[in-house]
Amino acid sequence: MLHAATLLAALALAVAPPTEPTIDSIVVDSRYRSLEQAVAGTTAPDSIVRTLALVDVEYYGFDDRLHRGQIVVHRDLADDIRTVFREIKRRKFPVESVIPIRFDRPDNGTSMDTLNNTYGFHYRPKNTFRTVQLSAHSYGRAVDINPFRNPALLRSGRWVPTGGRYVPGSPGTITATSPITQLFRTLGWRWGGAWRSVKDYMHFEK
């Protein structure tokens, strides 16, 4: 026979309301302690690095679990990114991972060519044009989301990243009518999927 106190405790647990996920139940994808750690190895000049911010975000992955990651963007856009990721989390729009580009690793470690990784700052030329002009990513003013689900279609007909497939309606895919796209536009961002010469479905910039 159960002790009265034990029985009461069991009943209380059975009717207790659901709680927020604990830190143990969250998949931590990135946990840099400082911006300096997150951009280690970059060749960007100090004039650019000083304008950046490291933003903590949460999102649901394709595994249906809550994840915690980080993204480097221009400090003026940090609040926009927090707003967008709150909506991403609320809608459970799946995001593979959000990890700053690893400039200290071969092939940048977490670039879109190696992972379906969402990122912001990446000091490099534009990769959708034959030009030395710097990408908006170089200033932390662009974000790429789920690159393999939202690849860029170049004029040549080649998809970037290689192996990426754009299938509207599939989980993690962005379209013109997606709530995420509409929210970005409300905040003053441009979507690469609306461009004429190149369709860069993963890309938002401001």
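Author: Arginine 82 has a relative accessible area of 34% and is partly exposed, a class that lies between buried (under 20% relative accessible area) and exposed (over 50%), computed with a 1.4 Å probe on protein chains only. This is a predicted model, in which local features need pLDDT of at least 70 and side-chain atom pairs count only at pLDDT 80 or more, while totals for chains, interfaces and linings use all residues. Residues are numbered from 1 along each chain as its sequence is written, and side-chain values use heavy atoms, with hydrogens and water left out.

Arginine 82 forms a salt bridge with aspartate 79, their closest N and O atoms being 2.9 Å apart; the term stands for a side-chain nitrogen of Lys or Arg within 4 Å of a carboxyl oxygen of Asp or Glu. Both residues lie in helix H4, three residues apart, which is about one turn of the helix, where helices (H or I, at least four residues) and strands (E, at least two) are DSSP runs numbered from the N terminus. Aspartate 79 is exposed, at 54% relative accessible area.

Further along, glutamate 87 and arginine 90 form another salt bridge, again with 2.9 Å between the closest N and O atoms, and these two are also three residues apart in helix H4, so about one helical turn separates them. Glutamate 87 is buried, with a relative accessible area of 17%, whereas arginine 90, at 57%, counts as exposed.

Lysine 89, at 27% relative accessibility, and glutamate 58, with a relative accessible area of 21%, are each partly exposed. Salt bridges with shared partners join Glu58, Arg68 and Lys89 into one network, and a search of the whole structure finds eight salt bridges.

Of its 25 residues, Val57, Ile71, Ile81 and Ile88 touch the most other members. Strand E2 (52-60), strand E3 (66-74), helix H4 (78-91) and helix H5 (179-186) are the elements that give two or more residues to this core, and H4 gives the most, with five.

Definitions and conventions. A nonpolar core is a set of buried Ala, Val, Leu, Ile, Met, Phe, Trp, Tyr and Cys residues joined through side-chain atoms within 4.5 Å.
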